[in-house]
Amino acid sequence: MSQPGQTNAEAQAHTPPPTPGIKMLLTLGGISMLAGLLVVLAFQYTAPIIAENQRIAIEKAVFQVVPGAMERRDFFLDAQGLKTATEGDEASGERIYAAYDANGQLKGIALKAEATGYQDVIRILYGYDPACECVTGIRVLKMAETPGLGDKIAFDPDFLANFNALDAALNAARDALANSIVAVKHGNKTQPWQIDAISGATISSAAIGRMINASGQRMFPLIQKNLAQLKGGQ
Amino acid sequence: MALPNQQEKVTLDTFLRGLWEENPVFVMLLGLCPVLAVTNSTMNAIAMGLATTFVLVASSTLVSLLRKFIPKQVRIATYIIIIATFVTIVDYTIQAISLELYNALGAFIQLIVANCVILGRAEAYASKQKLGASVINALGMGAGFTIALLCLGTVRELLGAGTILGFPIFSANFEPWVVMILPPGGFFVLGAWLLLFEYLKQRREKNLLEKEGVTSGSQ
Amino acid sequence: MDPNSLTFIFLNAALINNFVLALFLGLCPFLGVSAKKETAWNMGLATTFVMLVSSTSAYAINWILTELEIEFLRLICYIAVIASAVQLVEMAVKKLSPALFRALGIFLPLITTNCAILGLALFQTFREYDFLQSLAFSIGAGVGFTLALMLMAGLREKLELAKVPSVSQGAAMSLMLAGLLSLAFMGFAGLGGSHA
C-alpha cells in the first residue's frame with residue numbers, strides 16, 4: 001500500500017511489525033481458560049436443577065401410564081437378571097421404572113419403546129401391569145409425525161383408549177407373548193391384543209403397535225420372572 | 001454509517017438500525033437456519049430470539065472489552081470460542097428453566113454458535129467500537145432478529161394451527177393449513193415477508209421519485 | 001429397512017430428512033451459491049469433504065470427552081475442529097485449483113458458520129451413532145446437500161431467462177422455489193418402509 005513518491009524503506013516503516021507467535025498463543029490460551037471457567041461455572045450451577053427437572057418429567061410420565069402410582073424406583077433388567085439402579089447401569093440391561101402406590105404395592109412397570117414412524121423415530125413410555133398382564137397406558141415422549149394426522153397418536157382419546165387394558169398375556173411357556181400386539185385398520189379391532197389404528201395415520205399407529213410388541217416380547221417374560229424382587233422394591 | 005475505525009457516538013440510531021435498516025434477517029439475510037426451523041410456534045420463536053440476543057450481547061460485550069488484546073491473526077478463532085462459551089451457557093440455562101422448551105428447540109440452541117449474525121457483529125462492530133456502543137448495537141440487532149422470528153412464528157402458528165401462544169384464535173371450524181408448520185411453510189412465509197417488504201420499498205421509491213419530479217418542475 | 005442400518009441412515013440424511021430442505025441447515029450457501037450449477041457442484045463437494053472430516057473428528061472428540069466426563073466442552077471443541085477442517089480444505093483448494101478458489105470466494109471460509117456441518121456433528125452425537133453410522137450419515141448429508149444445491153442452481157439458471165415480477169426478484173423467489181422443493185421432498189417420507 002505504498003503511495004506514489006514514497007521509497008521502499010518508508011513504505012516498509014508504515015507496515016506494523018508482525019505479531020509475535022507467543023502473543024497469539026497466550027491470547028488463545030487465555031481466552032480458552034476464561035471460556036472453560038465460565039462453562040464449568042454454568043454447568044456446576046445448573047446441573048442439579050436440570051437433574052431435578054428430568055426427574056420430575058420422568059415421574060410425570062410414569063405416573064400417567066401406570067394409574068395409581070405414587071412412587072417410582074429404577075431397575076435395570078435383562079436376560080441375566082434384575083439389578084437396582086445403584087447396582088447396575090445402562091450396560092447391564094434396559095432401564096425400567098417400577099411404580100408403587102402409597103402402601104408400597106407394585107402398581108406396574110413403565111418402559112420405554114421406540115420405532116420409526118412416518119417421518120422420524122417415535123419414542124414412547126408405556127405402562128405394564130404384571131398382575132393383569134396387560135398394557136395400562138402410553139405417553140408419547142418424542143415424535144416428528146405430520147401435525148394433524150400422525151401426531152394424533154399422542155392425544156386422540158379413542159386411540160389412547162386402546163391402551164387402557166391392552167392384552168399382553170404370556171404364552172404357556174412364559175417366554176413370549178401369547179398373541180403379538182399389532183395395529184389393525186380402523187374399525188377392525190376384534191381382539192383385546194389389537195390396536196385400532198387412527199384412520200389416516202396408519203403408519204404412525206402401526207409403529208406404536210410394533211414398538212410395544214417388540215418391547216413386550218422381550219421384557220414381559222423377564223418382568224414376570226423377576227416379579228418377586230420387583231414387588232419387594234429392592 | 002460511521003467509518004469502521006471511527007469511534008461511534010452512541011445514539012438512538014445505534015439501537016434502531018438493527019431493527020429495520022440493517023435487520024439481520026430481512027435485510028442482510030443472515031442466520032436463516034434458526035429463523036425457519038424454530039418458528040413453527042410463537043413460543044419457540046420468542047425463546048430462540050431471547051437466547052440469540054443474550055449470546056449476541058454477551059459476546060459483543062466480551063469482544064469489545066478485550067478488543068485491544070486480541071491479535072489480528074487469531075481474532076476469528078477467539079470470537080468463535082467466546083461465542084461458543086456463551087451458547088453453552090445458554091444451553092444449560094434453558095435446560096434448567098424448562099425441559100419442554102429445550103426439547104422443542106432441540107439442536108438449534110447449540111446451532112446459535114453458527115449464526116452468522118453474531119460472528120458478523122463481533123467482526124464488523126464490537127471489535128472496533130467501545131463497550132457502550134457495542135452493547136447497544138448488539139441489543140438492536142438482537143431485537144431485530146427477535147422481531148423477525150416473531151413475524152414468522154405468529155403467521156406460521158396462526159395459519160398452521162389456528163393458535164397464538166397456544167390460545168386458539170379461530171373458531172373450532174378452522175381447518176389448519178398444516179403445511180405452514182412444516183418445512184415448506186417456513187420457506188413460503190419468509191419468501192412472502194420478503195416480497196411484502198420489497199413491494200413496500202419499491203412503492204416508497206416510486207413515491208419519492210414522483211415527489212422529486214413534481215418539485216423539480218416540468219421535465 | 002432397519003432404522004440402524006447404514007443404508008437407511010444414508011437415505012434418511014440424503015432424502016427423507018434432507019439437511020437443507022427438511023432440517024433447514026446450510027441455508028446461507030444454499031441461497032448464496034446456488035446461482036450457477038458449476039459453483040453449486042463445487043460448493044457441494046467442498047462441503048461434503050468438510051462434513052466427512054468434521055464427522056470423524058467429532059466422533060473422536062466425543063469419545064475422548066465422554067471418557068474424561070467433560071461433555072460440557074463439547075460445543076467449543078466441535079466448532080474449533082470445524083474451523084480447523086475448513087482452514088485445511090481452504091489451503092488444499094487454493095493449492096490444487098486456484099480458479100475454484102477464486103470462484104468460491106468468501107463462501108469457502110463461510111463453511112465454518114455453515115449450520116449444516118455443526119448440525120451434522122450435533123445430530124450424530126444426539127443419536128449416538130457409532131463410527132460407521134456416522135460415516136454413512138455424513139456422506140448422506142453431503143449428498144443431500146449437494147443435491148439440493150444442484151436442483152436450486154438448475155432452477156435459478158432457468159429463471160434467469162424468464163420474466164419474473166420485479167417485486168419477487170432475488171431472495172424472495174429463491175425462498176419460494178426452496179419451499180416448492182421442500183414440498184416435493186416431503187414425498188420421500190416413508191421411503192425406509194415399515195419394518196418389524
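**Sheet, helices and a chain contact in a predicted model**

Reader: In this predicted model, how many bridges join strand β5 of chain A to strand β6 of chain A?

Author: Strand β5 of chain A covers residues 121–129 and strand β6 of chain A covers residues 134–142. The two run antiparallel, and in β6(A) the bridge partner of A:Tyr126 is A:Ile138. The number of bridges joining these strands is seven.

Reader: Which are the edge strands of the open sheet in chain A?

Author: The sheet has seven strands with antiparallel pairing, in the order β2-β1-β3-β4-β5-β6-β7. An edge strand pairs on one side only.

Reader: What angle does the direction of helix α2 of chain A make with that of β6(A)?

Author: Helix α2 of chain A, residues 21–65, packs on the sheet. The strands touched by α2 are β1, β3, β4, β5 and β6 of chain A. With the direction of β6(A), the helix makes an angle of about 150°.

Reader: Is helix α4 of chain B largely enclosed by the rest of the structure or exposed, and how many of its residues are buried?

Author: A residue is counted as buried if 20 or more other C-beta atoms lie within 10 Å of its own. Helix α4(B) is largely enclosed by the rest of the structure, because the buried residues among its 23 number 17.

Reader: Which element gives the most to the side of chain A that touches chain C?

Author: The contact takes 13 residues from chain A and 10 residues from chain C. On the chain A side, the elements giving two or more residues are α2 and α4 of chain A. With five residues, the element that gives the most is α2(A).

Key
Residues numbered from 1 in each chain as written. Chains lettered and ligands numbered in written order. Predicted model: local features only at pLDDT ≥ 70, side-chain atom pairs only at ≥ 80, totals over all residues. Pairing = 2+ DSSP bridges. Helix = DSSP H or I, 4+ residues; strand = E, 2+ residues; numbered from the N terminus. Contact = placed C-beta atoms within 7 Å. Axes fitted to C-alpha atoms, helices over the stretch in contact; angles between N-to-C directions. Buried ≥ 20, exposed ≤ 12 C-beta atoms within 10 Å, placed from the backbone.
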